Amino acid sequence: MRFAIVIMAAGKGTRLKSKHAKVLHKIGGKALLEHVIHAATRIVPPQDVYVVVGHQAGAVQAAVVSTGVHFVTQTEQRGTGHAVQMARKAVAAYEHIIVLSGDVPLLKPETIVRLRDFHLAERAAMTILTACPADPNGYGRVIRNSPGAAGVAAIVEQKALTPDQKSIPEINSGIYAFATGPLFQLISELRTENAHGEYYLTDMADILVQEHERVVAIEAENPTEVLGANTLAELAELDAAMRLATARRLMAQGVTIYRPETTVIDSDVHVGADTIIEPFVQLLGATHVGEDCRIRSYSVIENSTLENHVLIQPGCIIDESFVHSSAQLGPYARLRPGSEIGEEARIGNFVETKKVRIGKGSKANHLSYLGDTDVGSGVNIGAGTITCNYDGVHKHRTLIEDKVFVGSDTTLVAPIVIGEGAYIAAGSCITDDVPADALALGRARQTTKPDWARSRRSKV
């Protein structure tokens with residue numbers, strides 16, 4: 001039985017008071033639409049998913065084109081019924097379609113499967129996913145043929161509810177399954193006699209019932225799944241719910257998270273068992289953290305990989321970098337994109353790296369900048385060391401071979417090679433290659449003038 005999934009993503013979302021398309025607002029580190037597509041493509045292949053775009057269509061398509069889904073353009077946004085009419089040609093070959101909202105990011109694939117299977121089992125023309133939230137006010141209500149019955153008599157919008165109907169707790173989620181035959185046979189019956197002058201897909205329930213087609217409903221097990229967001233405050237609530245769910249999932253897998261309500265962990269983050277995450281940590285993007293790590297407070301790690309037994313001291317910033325096992329960073333270290341920190345290496349207080357490879361057991365413990373640099377194993381980088389990688393036009397690399405000792409306050413002017421086992425004297429400015437096992441000094445000779453200070457003071 002062939003199913004297509006149609007995702008509504010054409011609306012503007014005026015109540016957000018934002019210039020950006022509603023479905024591009026993010027929770028859990030990804031756009032609302034990305035979450036919905038992820039759930040949809042767990043049920044059907046991407047080529048069976050059709051996203052209806054309209055407002056800022058180019059930006060919406062660009063944001064999710066990598067998922068492999070198809071796009072249908074709704075040039076005029078004339079309602080959800082009109083959106084499905086625009087998708088009619090694209091999905092005409094399918095026997096059934098599921099219609100999802102692009103702004104319902106908490107919807108689980110398992111719930112879509114329940115909707116699909118119930119729809120097929122009931123041989124329905126239309127199946128409505130419903131919910132019973134704590135406060136149904138503002139939502140249309142689903143009127144069943146009788147209490148507990150699968151069949152639906154009507155969907156009544158909030159403004160049209162009678163006093164008795166206002167007490168009905170079951171709401172319409174705006175998520176449906178349709179048999180395409182009766183849907184497209186009757187969708188032209190939709191009318192725009194409503195406050196917004198739009199074609200509402202909701203009205204298909206009444207049209208199908210009038211034509212004696214079977215319309216049924218199934219309630220979502222968790223009402224939070226089907227709730228969207230119409231304001232930035234509601235988006236923040238969804239974001240908090242998703243991040244708390246992510247934290248609980250990780251804790252169930254053996255990760256210790258102190259004060260999970262203070263952490264910011266994106267939905268695609270992976271963390272190994274027995275890792276400890278302290279309060280106010282942010283793990284963002286496609287970050288992977290291994291086992292037995294400790295990430296201390298106020299560290300922000302984005303699109304990076306940490307192998308096992310890594311210690312991240314407080315206040316570190318790590319972006320698009322790779323940290324090998326048993327390395328230690330911080331406090332207050334910054335790894336910029338392209339940094340690779342070797343096994344058992346140490347990057348310490350206020351050290352910044354960019355496009356570097358640090359070998360096994362090497363150390364840069366204090367106040368240094370290492371950019372466009374390859375550092376071998378067993379190297380000591382003294383405090384205040386700078387690799388001068390930019391000549392004003394081009395970037396150049398520095399090569400520091402194994403077991404080099406770089407004294408404090410050293411400037412290494414790239415391109416340059418420091419040979420294995422060499423020593424660089426403190427306070428040096430090194431502009432030429434240094435052979436292996438050599439000592440290099442690049443500083444002015446010290447001059448000492450006896451009694452100069454006493455003489456100066458006597459003149460004051």
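Ground rules first. I number residues from 1 along each chain as its sequence is written, and side-chain values use heavy atoms, with hydrogens and water left out. Since the model is predicted, I take local features only at pLDDT of at least 70 and side-chain atom pairs only at pLDDT 80 or more, while totals for chains, interfaces and linings use all residues.

**Sheet.** I looked up the strand order and got an open sheet of 11 strands, β12-β15-β18-β21-β24-β27-β29-β31-β34-β37-β39, with parallel pairing. Strands here are DSSP E runs of at least two residues, helices H or I runs of at least four, numbered from the N terminus; a pair needs at least two DSSP bridges. β12 (256–257) and β39 (439–440) each have a single partner strand, so one side of each has no neighbour in the sheet.

**Around β27.** I find 2 bridges between β24 (328–329) and β27 (346–349), with L329 opposite I347. From β29, 2 bridges lead on to β31 (380–381), and A364 partners I381.

**Cores.** A core is a set of buried Ala, Val, Leu, Ile, Met, Phe, Trp, Tyr and Cys residues joined through side-chain atoms within 4.5 Å; buried means under 20% relative accessible area (1.4 Å probe, protein chains only). Which residues touch the most other members of the largest one? I get L283, I312, L329, I341, I347 and I418, out of 46 residues. α7 (232–252) is one of the elements supplying at least two residues. A separate core has 35 residues, including A10 and V91.

Notes
Buried means under 20% relative accessible area, exposed over 50%, partly exposed in between (1.4 Å probe, protein chains only).
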